[in-house]
Amino acid sequence: MLNKRIIGVVTVRGGWAVQSFGYKSYLPLGKPEVLVENLDRWGADEILVNVIDRSSKKLGPDFNLIGKIADLGVSTPIIYGGGIRNENDGINVVQRGADRISINNMLFESQDSVCKISDNLGSQAIIASLPLSFIDGQLQHYNYITRKSVDISSEIIALFRTKIVSELMISDWMNEGSLDRFNIDLIKSRELIGSKLIAFGGAGDPRVGKKIMEYNNVSAVAIGNPFSYKEHAIQNYSNQLNADFLRPPYFRDELTYDWNQ
């Protein structure tokens, strides 16, 4: 059964796609919509467009970028995250072209809004994004706005278990930007039992990706930097996993032309 996915991640800051290292330093890559089009052509199962500076600047979702991506007509499902503040933002993001949304701060600031989005769009349309780490043996959530880590409350854990969101994207933020340092213990955390997980951060090495995918509660691996440069990167990653739970690597020709035009 082909039930696990490889997600390509486009990180956006200041309107530009960037290569991110622990969300502390950045290298420019170009226009986000160009990277999205490449990932679609190269065979990603899903594409996450993660605009990391919208919430801190209180700007709301980047509807201009969402529109540009919608105009591309890509066939790969698009997940959008960044600046979603309430149910209206979440619904508008989907109405303007995203297939699903990724939420972070709203989980901790307005759980009622999360419930309303789920009621309107269905839980399958919502991913909870959680930058996590272990500090002194305790699972903690890192807030990118306050730059502080805090314990995940029992209320948040209970919210996950109501299945109000479809998946949890657990970001190993301390190792984001590395190839092979994803902390496997995050997957095994007792707080996340019963949830479907997407692993992100430090999983760019296919050997690490394969170890992650072997866990039954993992539904996908999300990769950012390593998929940004080479057109065969997703194919090579998938081939090296050599797993029967993935669909065969897909690659669409760069250009087709109707000579009868």
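## Cavities

What is the volume of the largest cavity? The largest cavity has a volume of about 100 Å³. A search of the whole structure returns 3 cavities of 30 Å³ or more. A cavity is a set of points on a 1 Å grid over the protein atoms alone where a 1.4 Å probe fits but cannot get out.

The lining of the largest cavity comprises 14 residues. Gly 177, Phe 200, Gly 202, Gly 224 and Asn 225 lie nearest the centre. By class, 5 lining residues are nonpolar, 8 polar and 1 charged. Lining residues have an atom within 4 Å of a point. Gly counts as polar here.

## Basis

This is a predicted model: local features need pLDDT of at least 70 and side-chain atom pairs pLDDT 80 or more, while totals for chains, interfaces and linings use all residues. Numbering runs from 1 along each chain as its sequence is written, and side-chain values use heavy atoms, without hydrogens and water.

## Nonpolar cores

The largest nonpolar core holds 62 residues. Val 49, Phe 182 and Ile 212 touch the most other members. Another core, of 10 residues, lies apart from it and includes Val 9, Leu 48, Ile 79 and Phe 200. A core joins buried Ala, Val, Leu, Ile, Met, Phe, Trp, Tyr and Cys residues through side-chain atoms within 4.5 Å.

Ile 212 touches residues including Phe 182, Ile 184, Ala 199 and Val 221, leaving out residues up to four places away in sequence. Contact means heavy atoms within 4.5 Å.

## Gln 235

Gln 235 sits in helix 8, residues 233-241 (a DSSP run of H or I, at least four residues). Gln 235 counts as buried because its relative accessibility is 17% (buried is under 20% relative accessible area, with a 1.4 Å probe and protein chains only). The side chains of Gln 235 and His 232 form a polar contact of 2.6 Å (a pair of N or O atoms within 3.5 Å, one able to donate a hydrogen and the other to accept it).

How values were computed:
Helices (H or I, at least four residues) and strands (E, at least two) are DSSP runs, numbered from the N terminus. Buried means under 20% relative accessible area, exposed over 50%, partly exposed in between (1.4 Å probe, protein chains only). On a 1 Å grid over the protein atoms alone, a cavity is a set of points where a 1.4 Å probe fits but cannot get out, and a pocket is an open set with protein on both sides within 12 Å along at least five of seven lines; lining residues have an atom within 4 Å of a point. Grid points are joined across faces, edges and corners, and a volume is the space filled by probe spheres set on the points.
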